[in-house]
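Subject: Handover of a structure, with notes

Dear colleague,

I am passing on the structure below, and my notes on it follow. Please read them with the model open beside you.

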Amino acid sequence: VEPVDFELLIDTSGSMIGYDMEQAKEAAAKLVNEILDLDVHRLGIIGFGMTVDEVSPLSHQRNKLLLGIDRLRADGWTPMDRAITKGISVLETSKNRKVMLIVTDGMPNYPDKTTESAKKAKQKGIDVITIYVGSGNSGNFNYLKTLASSKAFAFSLQNIDGLADLFQTVVAQYLASARKR
């Protein structure tokens, strides 16, 4: 199996406060504990809300990743452009296949800047996968489709309770497609 570096970008804006943040953290913990084979792959985690915070650098170490997830706090707005830029700086030196997995419940503060950042990521060979969580504005999902590397890499979820299952699907699909390339 070819090693992949996954950078998880989690929306920690004010709209995620409470239940949604807890569910996102639980799903991220499942990604660490059950879904990703950390003997092969690495994971890094960035939260983006009031600040863009790299809570865990790329790592094979389950405990470090879980501590990082625990530090995620919801507050503020949605600086997705800065989170993507940070993700690029983490991933660009990697020799492995690179994936940025963006989880959000809304639109970024600066859609134009965010589009530019995502384009830069793709130009640097980083696959961008988006997950929109919400039943509301389909315009948000349509926008996130434009950030993803392909339509097949854009996912939508009505309810955050399904995030862990969706992580399972996304990772399995990605690794299967990576083997074919």
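Buried means under 20% relative accessible area, exposed means over 50%, and partly exposed lies in between, with a 1.4 Å probe and protein chains only. The model is predicted, so local features need pLDDT of at least 70 and side-chain atom pairs count only at pLDDT 80 or more, while totals for chains, interfaces and linings use all residues. Residues are numbered from 1 along each chain as its sequence is written, and side-chain values use heavy atoms, with hydrogens and water left out.

On the overall fold, the protein chain holds six helices and six strands, taken as DSSP runs numbered from the N terminus (helices H or I of at least four residues, strands E of at least two). Their order along the sequence is β-α-β-β-α-α-β-α-β-α-β-α. The C-alpha trace spans about 40 × 30 × 25 Å along its principal axes, and buried residues make up 53% of the 181 residues. Of the contacts (heavy atoms within 4.5 Å) with a separation of 6 or more, 75% are between residues 24 or more positions apart.

Helix α1 (residues 19-35) has as its buried residues Met21, Gln23, Ala24, Lys25, Ala27, Ala28, Ala29, Leu31, Val32 and Ile35. These buried residues pack against β1 (4-11), β2 (42-48), α2 (62-70) and α6 (163-180).

Arg62 lies in helix α2 and counts as partly exposed because its relative accessible area is 35%. Leaving aside neighbours within four places in sequence, Arg62 is in contact with Val32, Asn33, Leu36 and Leu38. The side chain of Arg62 also reaches the backbone oxygen of Val32 at 3.3 Å. Arg62 and Arg82 are 20 residues apart along the chain, and their C-alpha atoms are separated by 26 Å.

On the surface, Met50, Trp77 and Tyr110 form a nonpolar patch with about 300 Å² of accessible area together. Such a patch is made of residues with over 30% relative accessible area and no salt bridge, where nonpolar side chains (Val, Leu, Ile, Met, Phe, Trp, Tyr) are joined within 5 Å and like charges within 9 Å; a salt bridge is a side-chain nitrogen of Lys or Arg within 4 Å of a carboxyl oxygen of Asp or Glu. Accessible areas come from the Shrake-Rupley method with a 1.4 Å probe, and for residues only the protein chains shown count as cover. Tyr110 sits in the loop between β4 (97-104) and α4 (111-123), and Tyr110 is partly exposed because its relative accessibility is 39%.

With regards

Key
A polar contact is a pair of N or O atoms within 3.5 Å; within protein, one must be able to donate a hydrogen and the other to accept it, and residues adjacent in sequence count only if both atoms are side-chain atoms.
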